[in-house]
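Please open the model in your viewer and keep the selection tool at hand.

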Amino acid sequence: MVGANHPAAVAADWLTSAWDQNAGLYVLSPAAAVVEEVAGQWLVELFGLPPGTSCGFTTGATMANFTALAAARHAVLRSAGWDVEETGLFGAPPVNVVVGDEAHVTIFASLQMLGLGRGRVQRVAADEQGRMRADALRDTLASLDGPTIVCAQSGNVNTGAFDPLPEIATAARDRGAWVHVDGAFGLWAAASPNRRHLLAGLEQADSWTTDAHKWLNVPYDSGLVFVRDAAAHRTAMTLGAAYYVETAGGERDSYNWVPESSRRARGFAIYAALRAMGRTGVAGLIDRCCDLARRMADRLAAGSGVEILNDVVLNQVLVRFSPPGAADPAAGGDPAAADGLTRDVVARVQADGTCWLGGTTWHGLAAMRVSVSGWQTTEADIDMSAAAILRCAEAATQAAVAPETATRTASPR
Ligand SMILES: Cc1ncc(COP(=O)(O)O)c(C=O)c1O
């Protein structure tokens, strides 16, 4: 999921560079501070998060996850009578961290940076689409004592699947645990009335992550973190250094909500994208991409030896290619041959240049991962891309089953 660039956001980004404002402190750039405050509240409303939720403009979802989990670490340890910002983790009550088996790698990176450890997490089994299993979560939580953080996911990076938030929130609430939702791209589905149901229960969580440089189509680097307990967010991030001149009047100093001090005024591009598209425009962008992903899946599924591995609920399509007779291991097929073919198709599509997509491994199987995320992408683009993918698949299949003939007849493109 690599996003795209909306022209209004690009223009605002150019201005951001030209103005060269340091957005860390209100006194250095009142406009940047106010724009972040306004856009942050628009986003809280757009995603349907609880009133009073705080927002930080980070470099990406990685640092948004880091910030949210720092706030979570603060809050669960504060409840246990421990001041982690002042005292650190030495001697602190142990913090349980529970993650779904399909949590994104950046959750583990954040835990590693926060001293919570990437390897000491409790992993909860996921279902065949990558959703955390609520029954397994309940069992895990029943076995734990003390401060606890649960990391849920809205939008699996491979399948686009959503963890069952209402069940997760209920199980966590019963245990007094903090719930964080990593919605790097999936959170945007909440902006569409047609897809909001995928995130039912979203507002019951405690913190949320998303990326603006993905589905809002603003330039890199641009992520967002939201925290219900604004005080926990601020306490976990504040610099509070004596030599910084904070504004006395309650204006918002952006550095109190993110890990950086001096920082780019990245709120302008987000503000511009939201102003240009409006609430209905953002919803339209999300719906269009999801519909186009469905169209791509339908076009590809018509090809021979093509299997769509996921339920296409969002903008992600997972595709696997098998040479004749290799698709079904139960019927004597050869998964290694299908792995090889799928990787070859991905390489051919990347070389072909009609569209770009990546490869992945899903439940041990090689797969092609299609993400539709650009505001300019049309049905014609999808049809042209699907045709190119099927052309590459045909050439790769020929090369796999009859290498001699294939080199003579099929172009490597
Ligand atoms: C679910 C999820 N979380 C976190 C990230 C990390 O985002 P970023 O690369 O913006 O830091 C991604 C990126 O694809 C993602 O899909």
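Select Asp-211 and the ligand: a polar side-chain atom of Asp-211 lies 2.5 Å from an oxygen atom of the ligand, a polar contact being a pair of N or O atoms within 3.5 Å. The model is predicted, with local features requiring pLDDT of at least 70 and side-chain atom pairs pLDDT 80 or more, whereas totals for chains, interfaces and linings use all residues. Residues are numbered from 1 along each chain as its sequence is written, and side-chain values use heavy atoms, without hydrogens and water.

At Ala-61, a polar backbone atom lies 3.1 Å from an oxygen atom of the ligand. Taken alone, the ligand exposes 400 Å², of which the protein buries 83% (areas by the Shrake-Rupley method with a 1.4 Å probe).

Next, display the whole shell. How many residues surround the ligand? There are 15, and the closest include Asp-182, His-213 and Lys-214; a residue belongs here if one of its heavy atoms lies within 4 Å. Helix H3 (61–79) supplies the largest share, 3 residues (helices are DSSP runs, H or I, of at least four residues, numbered from the N terminus).

Finally, select helix H10 (residues 267–301) and helix H12 (residues 379–401), whose axes come within 9 Å and cross at roughly 30°. The axes are lines fitted to C-alpha atoms over the stretch in contact, with angles from 0 to 180 degrees between N-to-C directions. Among the residues that meet are Leu-292 and Arg-295 in H10 and Glu-379 and Ile-382 in H12, contact meaning heavy atoms within 4.5 Å.

Technical notes:
Helices (H or I, at least four residues) and strands (E, at least two) are DSSP runs, numbered from the N terminus. A polar contact is a pair of N or O atoms within 3.5 Å; within protein, one must be able to donate a hydrogen and the other to accept it, and residues adjacent in sequence count only if both atoms are side-chain atoms.
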